[in-house]
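Visitor: I want to learn how to read charged side-chain pairs in a model. Where do I begin?

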Amino acid sequence: MSMYLVGSTPKGANASLLGEYKRTRRAKVYTFTSDPSRFLHYSRGRWWVGATPGESSGYLYVKDDAATPDKITATWKVYDGEWLDAPNLRCVATSPLASAAAEVFIVGKTPGGVNSGSLGKFVRGADLLNSRYVYRKVTGGNVSYLFYAIGSWWVGDSLPRGSSAGGYVRMETDAWLPELAPAHGWLVASSQSGWAPRPRIR
């Protein structure tokens with residue numbers, strides 16, 4: 001059985017810890033599928049996301065005696081130099097990926113056609129990156145990827161490694177699926193102006 005920590009955190013603090021947590025044989029301990037060294041666990045009246053099950057420390061917590069994380073009703077807190085309320089964070093027992101479309105389309109126009117090759121149809125793969133699906137577009141012998149990393153959906157010609165990401169088009173959003181991203185807000189990389197907003201892309 002899995003639990004899914006979903007939503008968003010203030011300023012994207014520790015957003016990399018959102019995703020799927022699988023139940024272990026230990027009571028009230030779940031392992032993060034994206035990083036087995038991180039756990040969702042219960043300790044002394046609080047649910048924590050941290051490195052050591054049973055210890056009252058971590059990166060996120062909520063003061064709630066719920067028997068399972070999906071029954072939590074109190075407000076989560078996230079650490080970002082200080083503890084901040086994260087009212088948009090919640091735990092659910094159903095995967096937020098369950099309704100994922102098999103294909104998504106990024107459409108519109110870029111100024112002067114800059115990075116217009118990043119638009120088009122992307123097909124969902126079976127693999128996950130940062131707890132979200134990776135999508136691919138094949139044009140001739142070239143592959144472009146639509147993926148989620150560090151608080152944005154990106155289109156690039158390679159998948160990120162570690163804590164960095166890059167690409168030609170991106171959308172700053174914590175949406176679990178690209179089709180759930182806001183209708184407007186895509187940014188296009190430009191050698192002259194850096195990341196520029198392009199309201200005609202969606």
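Guide: Begin with lysine 77. This is a predicted model. Lysine 77 has 25% relative accessibility, so it counts as partly exposed.

Visitor: With which residue does lysine 77 form a salt bridge?

Guide: The general idea comes before the case. Side chains of opposite charge can pair when their charged atoms come close. Here, the partner of lysine 77 is aspartate 85, and their closest N and O atoms are 2.5 Å apart. Aspartate 85 is partly exposed too, at 46% relative accessible area.

Visitor: How many salt bridges does a search of the whole structure find?

Guide: Five. One of them joins lysine 11 to aspartate 80, with 3.4 Å between the closest N and O atoms. Lysine 11 sits in the loop between β1 (2–6) and β2 (19–23), aspartate 80 in the loop between β7 (76–79) and β8 (83–86), so this pair ties together parts 69 residues apart in sequence.

Visitor: Is lysine 11 buried or exposed?

Guide: Exposed, because its relative accessibility is 73% and the cut-off for exposed is over 50%. Aspartate 80, at 35%, counts as partly exposed.

Visitor: Which residue pairs with lysine 121?

Guide: Glutamate 103. The closest N and O atoms are 3.7 Å apart, and the cut-off is within 4 Å.

Terms used: Residues numbered from 1 in each chain as written. Predicted model: local features only at pLDDT ≥ 70, side-chain atom pairs only at ≥ 80, totals over all residues. Heavy atoms only, no water. Salt bridge = Lys/Arg side-chain N within 4 Å of Asp/Glu carboxyl O. Helix = DSSP H or I, 4+ residues; strand = E, 2+ residues; numbered from the N terminus. Buried < 20%, exposed > 50% of the residue type's maximum accessible area, 1.4 Å probe, protein only.
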